[in-house]
Amino acid sequence: MTLSIRFFINAALLIILALVPFLTDWAGDSFYTGLVSRILILAIAALSLNLLIGYGGMVSFGHAAYIGVGAYVVGIGAFHAFEDGIDWMLNGYFQLFTTLAVSAVIALIIGAISLRTRGVYFIMITMAFSQMLYFTAVGVETYGADDGLTIYSRSDMMGLIDLNDEKSLYYLIFVSLLAVLYLMHRLVGSQFGNVIRGTKSNEARMRAIGYSPYKYRLTAFVIAGIIAGYAGFLMANLSDFVSPDMMHWTRSGDLIIMIVLGGIANLFGPLYGAVVFLMLGELLSSIPLTIGGLSVGEYWQLIFGPLLIFIVLYARNGIDSFLPGKGRRT
Amino acid sequence: MNRKLISLVSAVALLGVPVMANAADNVKIGFVTTLSTGAGAIGKDMREAVDLAVEHLGGKMAGKPVEIIYEDDEFKPEIGKQKTDKLVKKDKVDFVAGFIWSHVLMASYKSAVDNGTFLISSNAGPSALAGKLCNEDFFSTSWQNDQTPMAMGEVLNQRGIKKLYIMAPNYAAGKNMVTGVERTFKGEIVGKDMTKFPDQLDFSAELAKVRAAKPDALFVFYPGKHGAQFMTQYAQADLASTVPLYTTFTIDSISLPRIGEQAEGSLMTMFWSPDLDNPTNKKFVADFKAKYGHYPSHYAAQSYDSIMLIDSAVEKVKGDLSNHDAVRAALKEADFKSIRGDFKFGNNHVPIQNFYLRQVVKDADGQYTTKIVSTVYENHQDPYAQECKMK
Amino acid sequence: MNWLLLLEQVLNGFQLGLLLFLLAAGLTLVFGIMDMVNLAHGSLYMMGAYFCATFTNWTGSFLIAAILTLPAVFLVGVVVEIVALRNLYARDHLDQVLATFGLILFFNELTRLIWGPIGLSIPLPEFLSTTVEIIPGVPYPTFRLAIILVGFLVAALLYFIVSRTRLGMLVRAGASNRDMIGALGINIRLLFTLVFGLGAALAGLAGLMAGPILSVEIGMGESILILTLVVIVIGGIGSIKGAFIAAIIIGLIDTVGRSFLPEILKLFIAEDSAATAAPAISSMMIYLLMALVLAIKPQGLFPPKGVGR
């Protein structure tokens, strides 16, 4: 019974999301289509990170780096097409394939080294690697260094889908989100998912019954990296812009906040977390209240900070604690 | 039940409230700057200037009420872009102005010009937007990054500097500044340090190298908070007696109250100074000081000009903003009294303007400010203008 | 190679390293004993700088202000511990990272509200704002020399406390086996609060000494916090000795690397690319070092005994 209430809430959210472009059309306000697109892309990245943090207990503090990698693939492709007239670099399938391949290789390298460590050391080493990627982007002057790259043409999907059309792009993002949700659902429920979750709670036992946790963890790490890279591919096409800022460690922190806000190890959690995190900033910063000549909205982080502490202390499952019915617990 | 409500609210919040159609008899201007974080000091100065400009206009342009919507970019490109999107699509503003940082401007500018909204930079002057990527709907009331250090290069030549050491942060504007000074400086550059940005706050290692290199002069560019830090450390290192300092955008009226003592006598180039002698500037500086109790910075001056430029265009089309081409032509004409005197755009919509050498001095009330020493360039146009295809 | 310059850069490296050590010492203690990741440590450093600036303004003396600042930051630390952090010790690192990140936002905005966005400066007394020629021909700022001196003194004092006193014994016991100090019948709550306060005071000390050179402003804690985290992770969490050695290494690598890397790079690549690549590479260097250390020794250089779980 309780599960079904949860089911309806999740379904209702997805249905509303499916209708967003029409709702904003009706309201005559296309700004929200863009905003929700951004939220959904970050939700995709957060979903992939949840596989590591929520289910696998691997607190990766450098996940935004893969978003940056994916975005830079699109940005660099568009740059060469625009500057040097190399048109095939604009090909969306080429860009997509490169994105996935590059993020897989990078995640494989980072994961292979980082997964030797545990706990805080793991947090720090993943952050170190993402900072190296960040500084690499800052240092490469050809591709705009810290000013970033403006993307003059979005990925060319050869007529299959027109990414310049706001609605088409939105639905590509939305369908991608559904696909990632489904993938996560299947992954977590599979044998593979059992081992990942098992290594979180009791590594020695998993080893004793004959699994090598390292290999499974590394696989999860690479899968998460690829999905985040894909999110970067989408992000670049949405914002027409890439900059090193996308890879900064604070961006990785944002993703973690989304996961915790949404409730850790909960399939839909990162989606709720992304929605609330981004809307909260938007809402709090536009509070039209002035006290003693000071605009409250400008000091919204003064409210957001303690709110974060409160959620950690008293609402351990994030937004999940406020939703009726029991979410999927592990 | 209550819990269900909360979940519903988060879903509905997504959709927002349908906005009222833009009241046709308002002039709406979005102003994007940094209000939060440590860089908020610059944003505050700019906002004060915009408020003053609106006050000087009596709150009206061509008889229509002016509405300014301030947005905070939090010093992050993606937030700046999101805020610009909101201004353009949700608030449906007629003009977007502001922008302190080049990376925020670069991220945001497509959002504005692709949707047919005029974009006016009140500070950032990246070379790309002045050159190859110039756009007919983009205007600047500041300068292009290279211009100010080019003027400085000339000053160094005039003063007989043979050996120069350069320090600047390693980011786009920093590199533009270095390129600028290298364009005109004729002597030898004996050392160059591009320091980490924005995390590097201690310059001891670089200052030690400067001392060892024994140059005739040191040229630096450290904007915002880094300027105060640099000046303090330069003073502590006791270099002033052996290696005189020349700067651009390092000392401004925001930092002068803090570092005035160390900076007194220091030389810099700029397109403007509070003591620039023309009626608009005198009124601007006097009213600004009376209202806020401190000198306006160049950020403030440029922001004031942005609003006045918009006003001139709105007046010229008699408040009818529906004809995009007419408004553009009116903006391009720039028929207004600027804080720099006469105002004229180049083909790339960056001002053609004078550059001055100015010096930090104490005014009659004991406040630190700058005064003009000499004019370095008259009617100077940035070097990227020729790369711009607009006529 | 210019040996005088190298010597001066080594001094600069020590100065940065010792500043980092003051921050790292408190952080690594809290981490080691309470198993608590405290990102807000940088905020305490910021508080130290702001308090000192305010007190200097009131009293007109940097030295008196410095003496007043230490107990003030100690107090702030104790209050933060009792109000917010105490409840987090039993939680996992993720919760701690988030809650203390919330604290950072709170402190930053509070500071902006109280002191304004522009930042402050701390004027130094005459005898500290001069230079001394400890290396012939190279005048070195007296104040930076004072930082080096204070840094070494504090390091020695900490070494004494940790290795010779009862408090130190508890601290060492706590770092290697947390459950044991409970079994010893010690008032753990009080011990934790005390250690946290001590860490806060050390951060405050670092802040008040950094204030006059790096200027006092919002967010000054974050950039140095990352460096500090790198230090304690390389040194091995919970180890004061590790923190000291790692801090000096990082200080030297950062300073010396920054100043000689462009020249070294010029030997291999074009001068122009060297000038821009050097700062990017030197920014990366400490992260590279950390990744290297952890890849070889996943517990850092000096893991406290008994941690080898």
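In this predicted model, the cover over the buried residues of helix α2 of chain B comes from two chains: β1, β3, β4, α11 (279-292) and α12 (298-316) of chain B are included, together with α4 (93-115) of chain C. Most of α2(B) is tucked away, with 12 of its 17 residues buried. Those buried residues start with a run from B:Gly40 through B:Ala41, B:Ile42, B:Gly43, B:Lys44 and B:Asp45 to B:Met46, and go on with B:Glu48, B:Ala49, B:Val50, B:Leu52 and B:Ala53. So you'll find charged side chains such as B:Lys44, B:Asp45 and B:Glu48 on the buried list too.

After the helix comes B:Gly58, with a positive phi near 70°.

**The sheet in chain B**

Is β1(B) buried or exposed? Seven of its seven residues are buried, so β1(B) is largely enclosed by the rest of the structure. Both faces share in this: B:Val27, B:Ile29, B:Phe31 and B:Thr33 point one way, B:Lys28, B:Gly30 and B:Val32 point the other way, and all are buried.

| Strand pair | Sense | Bridges | One facing pair |
|---|---|---|---|
| β1(B) and β3(B) | parallel | seven | B:Val32 and B:Glu71 |
| β1(B) and β4(B) | parallel | four | B:Gly30 and B:Val96 |
| β4(B) and β5(B) | parallel | four | B:Gly98 and B:Ser121 |

In residue numbers, β3 of chain B covers 64-72, while β4 covers 95-98 and β5 covers 118-121.

**Another covered helix**

Further along chain B is α6 (147-158), whose 12 residues reach 17 Å from the first C-alpha to the last, close to the 16 Å expected at 1.5 Å a residue. This helix is mostly covered as well, with 10 of its 12 residues buried. The buried ones are B:Gln147, B:Thr148, B:Pro149, B:Met150, B:Ala151, B:Met152, B:Gly153, B:Glu154, B:Val155 and B:Leu156. Just after α6(B), B:Gly160 has a positive phi of about 75°.

**Chains A and C**

Chain A has 12 helices and four strands. What radius of gyration goes with a chain of 330 residues? A compact globule would come out near 20 Å, and chain A has 20 Å, so the chain agrees with that picture. Along the principal axes, the C-alpha atoms of chain A fill a box of roughly 55 × 50 × 40 Å, and 55% of the 330 residues count as buried. Taking contacts in chain A between residues at least 6 apart in sequence, 75% join residues at least 24 apart.

Chain C has 11 helices and two strands. For its 309 residues a compact globule would have a radius of gyration near 19 Å; chain C has 20 Å, which agrees. Its C-alpha atoms fill a box of roughly 60 × 50 × 35 Å along the principal axes, and 58% of its residues are buried. Of the contacts in chain C between residues at least 6 apart in sequence, 77% join residues at least 24 apart.

**Where A meets C**

The contact between these chains takes 32 residues from chain A and 33 residues from chain C. On the chain A side, the elements that give two or more residues are α5 (119-139), α10 (249-262) and α12 (300-314). Which of them gives the most? That is α5(A), with 13 residues. By class, the side of chain A that touches chain C has 23 nonpolar, seven polar and two charged residues.

Terms used
Residues are numbered from 1 along each chain as its sequence is written. Chains are lettered from A and ligands numbered from 1 in the order in which they are written. This is a predicted model: local features need pLDDT of at least 70, side-chain atom pairs count only at pLDDT 80 or more; totals for chains, interfaces and linings use all residues. Two strands pair if DSSP finds at least two bridges between them. The radius of gyration is taken over C-alpha atoms; the globule rule is 2.2 Å times the number of residues to the power 0.38. A residue is buried if 20 or more other C-beta atoms lie within 10 Å of its own, exposed if 12 or fewer, and partly exposed in between; C-beta atoms are placed from the backbone. Two residues are in contact if their C-beta atoms, placed from the backbone, lie within 7 Å. The expected span of a helix is 1.5 Å times one less than its number of residues.
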